[in-house]
Amino acid sequence: MSDTNRLQTIREEILHCQKCALAKGRNKAVPGEGPSSVDVMFIGEGPGFHENQQGKPFVGQAGAFLDELLAAADLKRGEVFITNVVKCRPPSNRDPMPEELTACEVYLDEQIQLLNPKVIVTLGRFSMAKFIENGRISQIHGKAHQIGNRLVVTMYHPAAALHQPALRPVLVEDFAKLRHLLGKEEPVPPKVEDLSLTVRPVKADEKPMPPEQLSLF
Ligand code: URA
Ligand code: SF4
């Protein structure tokens, strides 16, 4: 079976899964979304109210902020895979329980194996804990960890910034760092030849222009 077909099969298995207690309260399971070939995969915690309604990841308020963060990283939703550590909504958005995480892990592990992304971005502490033992997000947010043949970047959960507005610029800055990691170039600086059009040699009887003026170019 091709990787694309297998990803589709996992999706269907998740939609009908009864492996943990979260199956009982769900409206729609949320397998995850994205192309079958990606450089970057994002892993959140679990579906919330709107995700449970629509069967899609990050479509509520946290999702709206995630869209802004993706823009800061120069990424589009359509070019990344987004999923969660548990695929069904925990009641009242409570934390997933250890047995639910364990029951659901097979799906995430196979998604990672099939997608084989260069970079995994963890959103929040449950997906961070999958890769980094005893990590403290306040210390390792925005950091890249080489794990096997890929990088795992540990980020605050976007929803954290909805409760703590001070985290907003921190998340934006951390996401902007992904540009470098993904080899997206900074704007190209002007070539020396172009600059030479505006910088003429200083004549002998003339003081050089002050640096503030030069820097205008
Ligand atoms: N929060 C998550 O962790 N995942 C979602 O899909 C939505 C909100
Ligand atoms: Fe199955 Fe995961 Fe949903 Fe539990 S959370 S029922 S393991 S898909």
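Is Lys118 buried or exposed? At 54% relative accessibility, Lys118 counts as exposed, where exposed means over 50% relative accessible area, buried under 20% and partly exposed in between, with a 1.4 Å probe and protein chains only.

Before going on, please keep in mind that this is a predicted model, in which local features need pLDDT of at least 70 and side-chain atom pairs count only at pLDDT 80 or more, while totals for chains, interfaces and linings use all residues. Residues are numbered from 1 along each chain as its sequence is written, chains are lettered from A and ligands numbered from 1 in the order in which they are written, and side-chain values use heavy atoms, with hydrogens and water left out.

Lys118 meets Asp39 in a salt bridge, at 2.9 Å from N to O, the term meaning a side-chain nitrogen of Lys or Arg within 4 Å of a carboxyl oxygen of Asp or Glu. Asp39 lies in the loop between α2 and β1 and Lys118 in the loop between α5 and β3, so the pair ties together parts that are 79 residues apart in sequence; helices (H or I, at least four residues) and strands (E, at least two) are DSSP runs, numbered from the N terminus.

By this rule there are 10 salt bridges, and another of them joins Arg168 and Glu68 at 3.4 Å, linking helix α9 with helix α4 across 100 residues.

Let me turn to Arg6, which sits in helix α1 and is buried at 18%. Arg6 forms a salt bridge with Glu13, their closest N and O atoms being 3.2 Å apart, and Arg6, Glu13 and Glu110 are linked in a network of salt bridges.
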